[in-house]
Amino acid sequence: MSQAIDTIHGAVDHHPHDSQVAHHFENAEQQFESAKLGMWVFLVTEILFFSGLFCVYAVYRSLHPEVFLYAHQWLDKGLGAINTIVLIVSSFTMAWAVRNAQLGQKKALMINLTLTLLCAATFMGIKAEEYSQKYEHGTTWGASFQPHPDAFGEVHGGEIKKEDMPRNTQIFFSIYFALTGLHGFHVLVGMGLILWLLIRAAKGQFGPQYFTPVDIVGLYWHLVDLIWIFLFPLLYLIH
Amino acid sequence: MSGQAKVQEQGHGGDHGFAHPVPLKILVGVAAALILLTILTVVASDFDFGAFDIWIAMGIALVKGSLVALFFMHLFWDKRFNGFVFIASLFFVAIFIGFVLLDTHTYESSVKQWVQDHPQSGHALPGGGEHK
């Protein structure tokens, strides 16, 4: 049977990596393009998924700008900026890893995937530090928002006065934790996927004819970066 | 290697078959631009541009996002259909958020009126206090 298919599809099937091409595809390229289109469709569902929270943000910020102006002072702009750069660097090493896979550079691919994973872990570490600050200050979501006395005064180079606190300040933190939490969850999923790529790369499974998993996990990872690029100014840089 | 495969590889330029590795120079350049734009948006947030603040921040984010999508995500070289699918989703997000905002602000005045008529409402909530 497989011999018959070989004969039908003839010439294009005589490549060492052809074991990776499923029988219903013409060739490795068609299989790759199909997988990539499928990934883009998935990324679209991700964008629409996040857009629900961006919509909540837009509605509350347009109705209660004073809440956002006041509450964002509790966020550490410096840590947010560092985390933005960490994610950009991880996107760069991921894009480089795709190039390595396409060129069959196994060692460089493993190095770049490892660097991407380290950046992702750094991002989550900084995020955890920020979350624990919020917990200590009592500046958490919804009804749990009970700022401690030491949450006021000098915070991140500014001064936050308790008497200036507008009504419904907790809404900002509900939105902050929902957006950064969902994003952080995506980072964790991405870390799992990159680890999976690293294991497969170590087995030498990627090369010029088969790099689909590296490419589409790369697309996912860049989307996670893309969403953070918008979250950072929307949450940390309010003026 | 048979003739057909050879023709196909030549059609896609070079020894990597259908793979189009992005030149390292472009990747480094895009990463550097993204980091510079991040610094720019942080610096810009220290200045008061009034109502334009949000649009400056979103403009810089849009440029950064475009760089990521075009070069890191290969849309610049990709089949146009993938880019079309992506842009289409952004179009629907714009409709979604735009229409919700229109709707919200249509009813805002009646909500404010109700709050004025019921001054004690919401005071038991965690953030309860003076209506502003």
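This is a predicted model: local features need pLDDT of at least 70, side-chain atom pairs count only at pLDDT 80 or more; totals for chains, interfaces and linings use all residues.
Okay, so let's start with helix 2 and helix 7 of chain A: these two are roughly parallel to each other, where roughly parallel means an angle under 35 degrees, over 145 counts as roughly antiparallel, 65 to 115 as roughly perpendicular, and the rest as oblique. The angle is about 15 degrees, and the axes of helix 2 and helix 7 (residues 212-236) of chain A lie 10 Å apart. Axes here are lines fitted to C-alpha atoms, for helices over the stretch in contact, with angles running from 0 to 180 degrees between N-to-C directions.

Residues are numbered from 1 along each chain as its sequence is written, chains are lettered from A and ligands numbered from 1 in the order in which they are written, and side-chain values use heavy atoms, with hydrogens and water left out.

Back to that helix pair. Helix 2 of chain A passes helix 7 of chain A in a right-handed crossing; the rule is that right-handed means the near helix is turned clockwise from the far one by less than a right angle, and left-handed means anticlockwise. The contact residues of this pair split into 19 nonpolar, 1 polar and 4 charged.

Now, what is the crossing angle of helix 2 and helix 6 of chain A? The axes of helix 2 (residues 28-63) and helix 6 (residues 170-202) of chain A cross at roughly 165 degrees and come within 10 Å. That makes helix 2 of chain A roughly antiparallel to helix 6 of chain A. Their crossing is left-handed. On the helix 2 side of chain A, the contact (heavy atoms within 4.5 Å) includes A:Phe49, A:Phe50 and A:Leu53, and on the helix 6 side it includes A:Ile175, A:His183 and A:His186. The residues of this contact come out as 11 nonpolar, 2 polar and 1 charged.

Stepping back to the whole of chain A: it has 7 helices and 2 strands, where helices (H or I, at least four residues) and strands (E, at least two) are DSSP runs numbered from the N terminus. Along the sequence the pattern is α-α-α-α-α-β-β-α-α. Of its 239 residues, 58% are buried, meaning under 20% relative accessible area, with exposed over 50% and partly exposed in between, using a 1.4 Å probe and protein chains only. Among chain A contacts between residues at least 6 apart in sequence, 78% join residues at least 24 apart.

For contacts in chain B between residues at least 6 apart, 41% join residues at least 24 apart.

A:Asn168 has a positive phi, near 65 degrees, and isn't a glycine. A:Asn168 sits in the loop between strand 2 (158-160) and helix 6 of chain A, and is buried at a relative accessible area of 10%. Over in chain B, B:His74 also has phi near 65 degrees. B:His74 is in the loop between helix 3 (53-72) and helix 4 (80-117) of chain B, buried at 9%.

Note on methods
Ala, Val, Leu, Ile, Met, Phe, Trp, Tyr, Cys and Pro count as nonpolar, Asp, Glu, Lys and Arg as charged, and the others, Gly among them, as polar.
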